[in-house]
Amino acid sequence: MTNEKDIHELQQMEIGAAGEDQLTEREKELLRLERELNAKLDQALLENPDKIPKAVWFIIPNEFGERFTFYGIKNLLQQYFKTAVGLNAIDAKVQTHAFTMMAYFFPLLGAAVSDSWLGKYHTIVYLSIVYLIGTVLLAVFSINGLIAQFGGYPVWTAMVPLTLIALGTGGIKPCVSSHGGDQYLPHQTKGLDWFFAMFYIAINTGALLAQYITPAIKEKVVCFGSMCYFGAFVIPAILFGFALGVFIFGFRYYRVVPALGEFLPWKAVKCTIVAARRYSSATPEERARRGSWLNFAEESVGPLFVDEVRLFGKVCLMIIPIIFFWMIYDQQSTEWQEQYEKMNKNWGSLELTTEQSAIFNTIFILIFVPLCAKVIYPFLERRGIRFYLLRRMAVGFFLVIVSFAISGGLQYVVESKFDGTYNDKHTKVETCPNCVHGAWQLPQWALLSLGEAMISPTGLQFTYTQVGRQMKSTSSSFWLLCVSFGNLVVTAVEEGLKDTSLQGPPKYFFYCAIGIVANGVFCLLAKNYTYKEDRDAQLAKTDKKQEAQ
């Protein structure tokens, strides 16, 4: 049998080296509340630590449904902007990346609201409703003749619903992964590894089905006298509504980490400003006694929060170069689609449309994620090679750069062999008798997917485990913000190069050069990074030595 003392000791593990005696009164009150709210669930987890928490079976299906919705819509956007709205390829690419940029910017808002006021569960529910409204509006506005004729839809008919979708998906994204992590106690590290691997598989299973189903509906069904974007958008809306219902039904099984009740981003900024002011006016003796400059804010926000801000700052610095990973990676839904559009799409009796070409990424991911987690990483560890989080991410970044370089080389061949004919509006290739076969994209998809398998789930785990308990959602949101900034870089580069000669393969290699520099910076930062668990172990060892003396 376990008791409250066991749970108390495990919470001490999560607090870390600082200890409960260094908490503020508000933090102590929240800790006591968390123990009371989760007493029964925590006892069950302690008695059977290898058992998967019931809550996980409501969180993972919800993530599956949400990702089906997101990718079912996102993979159609490049062609939707070209065919239904009537934009050219470059402007369509800019609008598509603008949506992605918003979708990964709004995690900042979701994390702030979650950690500061509503808590993860209620933030997920409320913003999911906003998300659902956006998907319904996108489907309705895509009806031919409702607002305008197909091929001449106003841009706002796409961007207003997409902004709501971006707010919803972005707002819930950091909360769902960290809410799942909250279902495990600090000592359940293997269970947490399993959860993040399964979480990522749920993401890609949803994406796999969406990438096949929604383009097929759009291509093979006619509704309202045009391609059936309405059907392709309304199916994800229905599934997402069902997934939200599943998530709400699991409420009684969730471990709850209460919100702090104050605006965490402002508290972190306040901590930094106060510390900088006091440090600048301190004497050399005071600076030496305090150690780190951030410690000057301890009287204002408490020693524990100062430590959390320090850890959060280190994580943010570490992931800045990852912006340029996403800059390259997210062009699979635009640049690689445009490349595939000029290729032979017939795979025997099956024709894979341009929007469906990303299905290779998802298939490879479903192979590589468990392969890495269950085979490659344990194999290296058994041989004494610590292929831990940042090393995985550096290797994954390099593989994605190589994949984009390969696609640049392939583009030379695709352009030289292209003899296809376009439709009247020059938005879709109708015949392509001697074009390069789409199978030549498989090597670049394989490398991109292996790189993603090493960097994306690892990044989620890194930003969750390397910060304190109060900043977990905020930290996850900054990981997602890298995606937003990566897409912002793409839109800026595309606008800057629109009327220049740097197009086609040279542009691919330009992006690769940026990625090589960024990965080099990442490797230098990783070399000097100290993991939280290593730091806590070292501090605990130092404390024992001092007690012995």
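Author: Start with the idea. A disulfide is a covalent bond between the sulfur atoms of two cysteines. The rule used here calls for a pair of cysteine sulfur atoms within 2.5 Å. By this rule there are 2 disulfides. This is a predicted model, where local features need pLDDT of at least 70, side-chain atom pairs count only at pLDDT 80 or more, and totals for chains, interfaces and linings use all residues. Residues are numbered from 1 along each chain as its sequence is written, and side-chain values use heavy atoms, with hydrogens and water left out.

Reader: Which cysteine does C223 form a disulfide with?

Author: C228. Their sulfur atoms lie 2.1 Å apart. The link of C223 and C228 is right-handed, with 110° about the S-S bond.

Reader: Are C223 and C228 buried or exposed?

Author: Both are buried. Buried means under 20% relative accessible area, exposed over 50%, and partly exposed in between (1.4 Å probe, protein chains only).

Reader: What does a disulfide join to C432?

Author: C435, at 1.5 Å from S to S. The link of C432 and C435 is left-handed, with -80° about the S-S bond. C432 and C435 are each buried.

Reader: What is the pairing of the bonded cysteines in sequence order?

Author: Number them along the chain, and the pairing reads 1-2, 3-4.
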